Amino acid sequence: MAESTDIAASRSATLSQALRRLRHLRGLRPGEMADAMGMQRRTYEYFEAGRGKINVDRIHQFARVLDVDPYAILAAVEIRSPGFAVACAEQKLMTVFMVNLQEFDAKAKETVARLNTATVVAGFTRMFDALAREAAEGEDFLGARMGEGDRWTKPSAELPNGDRDGPEDDPEAAADT
């Protein structure tokens, strides 16, 4: 039982750090975030402190307000790296990953069950190693390997949660800005 309590505390601490760092990245104060999210300040502070159960809808709302990657926040909590959420804020790495995963699911369907673990690990290892090299070398992966008009250069890709990836495609988000 103590182990699960420790894990929950670690997740809460990671979430709190990620939310705070992202808010600082965008230069907003807690009261401004509370207003933007339509919450009482105390409720927002409770959320940002990582208290209570993780609320995925609220994380998505937070990410929309700040124009950051909600999936990176969730991944950061799981890998215990608040810096990951901040590092992915601009290019939305985890949202791109989720869109690709959604496309993979649509193509592969139930055949995914036939993949063995070693193949999956090897594939992800190659992909992440290549991305790490690209990041370290400062290369522009899209610019160097893909032409203009590529689907990632267009801001209207549908995201796995049904959102659009630009506020101009979301009347509610546009009204809030």
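Is Val-112 buried, partly exposed or exposed? Val-112 is partly exposed, at a relative accessible area of 31%, where buried means under 20% relative accessible area, exposed over 50% and partly exposed in between (1.4 Å probe, protein chains only). Val-112 sits in the loop between α7 and α8; helices here are DSSP runs of H or I with at least four residues, numbered from the N terminus.

Some ground rules before we go on. This is a predicted model, in which local features need pLDDT of at least 70, side-chain atom pairs count only at pLDDT 80 or more, and totals for chains, interfaces and linings use all residues. Residues are numbered from 1 along each chain as its sequence is written, and side-chain values use heavy atoms, leaving out hydrogens and water.

Let's turn to confidence. The average pLDDT (the predictor's confidence in each residue, from 0 to 100) is 83, and 76% of the residues score at least 70. Residues 148-157 stay under 50, with 20 contacts in the model beyond four places in sequence, a contact being heavy atoms within 4.5 Å. Residues 164-177 are also below 50, and that stretch has 17 contacts beyond near neighbours in sequence.

Now for α7 itself. Met-94, Thr-95, Val-99 and Ala-108 are buried in this helix, and its buried residues pack against α5 (70-79) and α6 (82-87). The 16 residues of α7 should span 22 Å, which agrees with the 22 Å between its end C-alpha atoms; the expected span is 1.5 Å times one less than the number of residues. Just after α7, Lys-109 takes a positive phi of about 50°.

Salt bridges come next. The structure holds eight of them, each a side-chain nitrogen of Lys or Arg within 4 Å of a carboxyl oxygen of Asp or Glu.

| Pair | Closest N to O distance |
|---|---|
| Glu-48 and Arg-23 | 2.7 Å |
| Glu-90 and Arg-26 | 2.6 Å |

Arg-11 is partly exposed at 29% relative accessible area, and Glu-78 is partly exposed at 46%. What about the Glu-48 pair? Glu-48 counts as buried at 5% relative accessibility, and Arg-23 is buried with a relative accessible area of 5%. In the remaining pair, Glu-90 is exposed at 56%, while Arg-26 is partly exposed at 27%. Salt bridges that share partners join Arg-20, Arg-23 and Glu-48 into one network.

How values were computed
Helices (H or I, at least four residues) and strands (E, at least two) are DSSP runs, numbered from the N terminus.
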